[in-house]
Amino acid sequence: MMTLADGGIDLFIPKVYDIVWSLIILVIVALFFYKFFMPKFNAIFDERAEKIEGNISKAKQAKDDADKAKKKYEDQLNQARVDASKITDDARTEATKIISEAHTRADSEAAQIAANAQRSIASQQQQAMVSLKGQVGTLATALAGKILGAKLQDGDVQQGMLDQMIDGLDKTSEKK
Amino acid sequence: MDIITLAEVAGNLSVIGYGLATIGPGIGLGILFGKAMESTARQPEMSGKIQTIMFIGLALVELLGLLGFVALLIK
Amino acid sequence: MMETVGTSMLLAAGAGPELPTVNDFLPPEILFQGTPFAINRIILIRLVATVVLLLVLGITAARAKLIPGRWQGLIEYGIDFVRNNVVYETMGELRGRRYVPMIATLFFTIFIFNLFGIIPGANMAATATVTMPLVFAIWVLVQYWIAACREKGFFRYIRDECFTPGVPWPIYILLAPIQLIELLIIRPASLTIRLFANMISGHLVLATCLAFAQYWMVEAANKFVGIPVGGIWFLGGFVMTLFEAFIAFLQAYVFAILATVYINLSYPDE
């Protein structure tokens, strides 16, 4: 009857030729892995890592550049904006200054004109008053002289009457 | 097989021995995998490490069963 | 054991199915008989596996490009797996760098050799004699002793391992020999037996399933019973084939990670 374990112990006794072939195969395989397979793939892994790293650094460089350019443009834009606002501000202040200057000039001129007019009016009034005083005096004197005649020879009375008349004249002019 | 023999037991006694020898490693494997699962559930982030240790344990437990097998072969 | 089941159920059919035996693992020499370079079936498979391994990985490496295709991506995933998940995870990058080629050799070689257990025509793992795993294990043994002598010195390593500080001295009588045996024999023996026994059991189970499938479907007299039963056996064989593929990977992984752990144990603790 056949059983599983016929000659089972033989399984665990290595044979000489088996050892020889196993060793030969092990040496060949190990040499293959040590000298060719692993170095080759390590080189590929390293190269790949390098390339990926290089790409990453390149991308980083590009990003930095872009950031820098963007910052530059933004700075320029801000500068321009500041300049523009400054210019408009300047213009506005200039304009207001001009306007106010014009205002003051016009005001002063107007005031001057008005003052001049006032003065000339006053002087004319004065003149008129003086001339009127003289004329009214003489006219009244003459008139009174004619009316009163000799009665008015006396200087004092003459003077008193004159003053009275002028007062009256003043009052009437004031009443008007 | 003659008439007097009612039940014949044929085969190899060492097979029974091997059957007995698998009980221990069977229990061991059960505990091993159960505990590994438990600890992986507790700390999923450690699963790689746990798995490595589990396979080392598996190898050691498995050896016991295989020793029984070898004993069966050798007799 | 299966034979009993087979004969009692199939008295009508002549001979039982061709069940696998351990003699499958002790094939006769077919070339160079009697010389140290004799070749039997398993060694032939091993040579073929080596050639396949070298050709596939060699061509992949020779045509490797910076931007990987699908196949190269798969191989690179394997390398990455060995490097990060096995070596660096266990020993850290600084120590591990030196051992990556070794562990990669172990992992890829054992994986491909194991896979030949389910490749039609071979149907026998190239690691399915005790010698191939033993040679791998002895390589690991030599590596961790070298690492220990370089990093700790021979005597300090022996002292640390066999006379662990903090243990009462009578224990040393028991502990020291056990530790020494562990360092010298148990570690490589366990690596060897694990891989080898897995391959044997895988082959036996798979071949048993397929032998029964063939027997029931083709040779059984009663086709009405034979076809469904054979179908179930074939389904079992199919599932076992997939399981063997998984085992091929798992054993390669376990071998690689245990080798890493053993080497790492030779280094002094930080």
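Q: At roughly what angle do the axes of helix α2 (residues 41–62) of chain C and helix α4 (residues 100–115) of chain C cross?
A: This is a predicted model, in which local features need pLDDT of at least 70 and side-chain atom pairs count only at pLDDT 80 or more, while totals for chains, interfaces and linings use all residues. Residues are numbered from 1 along each chain as its sequence is written, chains are lettered from A and ligands numbered from 1 in the order in which they are written, and side-chain values use heavy atoms, with hydrogens and water left out. Helices (H or I, at least four residues) and strands (E, at least two) are DSSP runs numbered from the N terminus, and axes are lines fitted to C-alpha atoms, for helices over the stretch in contact, with angles running from 0 to 180 degrees between N-to-C directions. The axes of α2(C) and α4(C) come within 10 Å, and their crossing angle is roughly 125 degrees.

Q: How is α2(C) oriented relative to α4(C)?
A: Angles under 35 degrees count as roughly parallel, over 145 as roughly antiparallel, 65 to 115 as roughly perpendicular and the rest as oblique. Because the axes cross at roughly 125 degrees, the orientation of α2(C) to α4(C) is oblique.

Q: Which hand does the crossing of α2(C) past α4(C) have?
A: A crossing is left-handed if the near helix is turned anticlockwise from the far one by less than a right angle, and right-handed if clockwise. By that criterion, the way α2(C) passes α4(C) is right-handed.

Q: How many nonpolar, polar and charged residues make the contact of α2(C) with α4(C)?
A: With contact taken as heavy atoms within 4.5 Å, α2(C) contributes Arg46(C), Ala49(C), Thr50(C), Leu53(C) and Leu57(C), and α4(C) contributes Phe108(C), Thr109(C), Ile112(C) and Phe113(C). Ala, Val, Leu, Ile, Met, Phe, Trp, Tyr, Cys and Pro count as nonpolar, Asp, Glu, Lys and Arg as charged, and the others, Gly among them, as polar. The contact of α2(C) with α4(C) therefore divides into six nonpolar, two polar and one charged residues.

Q: What classes of residue make up the contact of helix α5 (residues 131–151) of chain C with α7(C)?
A: The axes of α5(C) and helix α7 (residues 169–219) of chain C come within 8 Å and cross at roughly 145 degrees, in a right-handed crossing. Among the residues in contact are Tyr144(C) and Trp145(C) of α5(C), and Arg187(C) and Thr192(C) of α7(C). By class, the contact consists of 13 nonpolar, one polar and one charged residues.

Q: How do α1(B) and α2(B) run relative to each other?
A: The axes of α1(B) and helix α2 (residues 47–74) of chain B come within 8 Å and cross at roughly 175 degrees. Their contact, which includes Gly28(B) in α1(B) and Gly57(B) in α2(B), has 15 nonpolar, eight polar and no charged residues. Since the crossing angle is roughly 175 degrees, the arrangement of α1(B) and α2(B) is roughly antiparallel.

Q: Which residues does Phe33(B) touch, not counting those up to four places away in sequence?
A: Phe33(B) is found in helix α1 (residues 13–42) of chain B and is partly exposed at 31% relative accessibility, where buried means under 20% relative accessible area, exposed over 50% and partly exposed in between (1.4 Å probe, protein chains only). The C-alpha atoms of Phe33(B) and Phe55(B), 22 residues apart along the chain, are separated by 9.5 Å. The residues touched by Phe33(B) are Met54(B) and Leu58(B).

Q: What geometry does the aromatic pair of Phe163(C) and Tyr172(C) have?
A: Rings of Phe, Tyr and Trp (its six-membered ring) pair if their centres lie within 6.5 Å, and planes under 30 degrees apart count as stacked, over 60 as edge-to-face and the rest as tilted; this rule gives 29 aromatic pairs over all chains. Phe163(C) is partly exposed, with a relative accessible area of 39%, whereas Tyr172(C) is buried at 16%. Their rings lie 5.2 Å apart centre to centre with 70 degrees between the planes, so the pair is edge-to-face.
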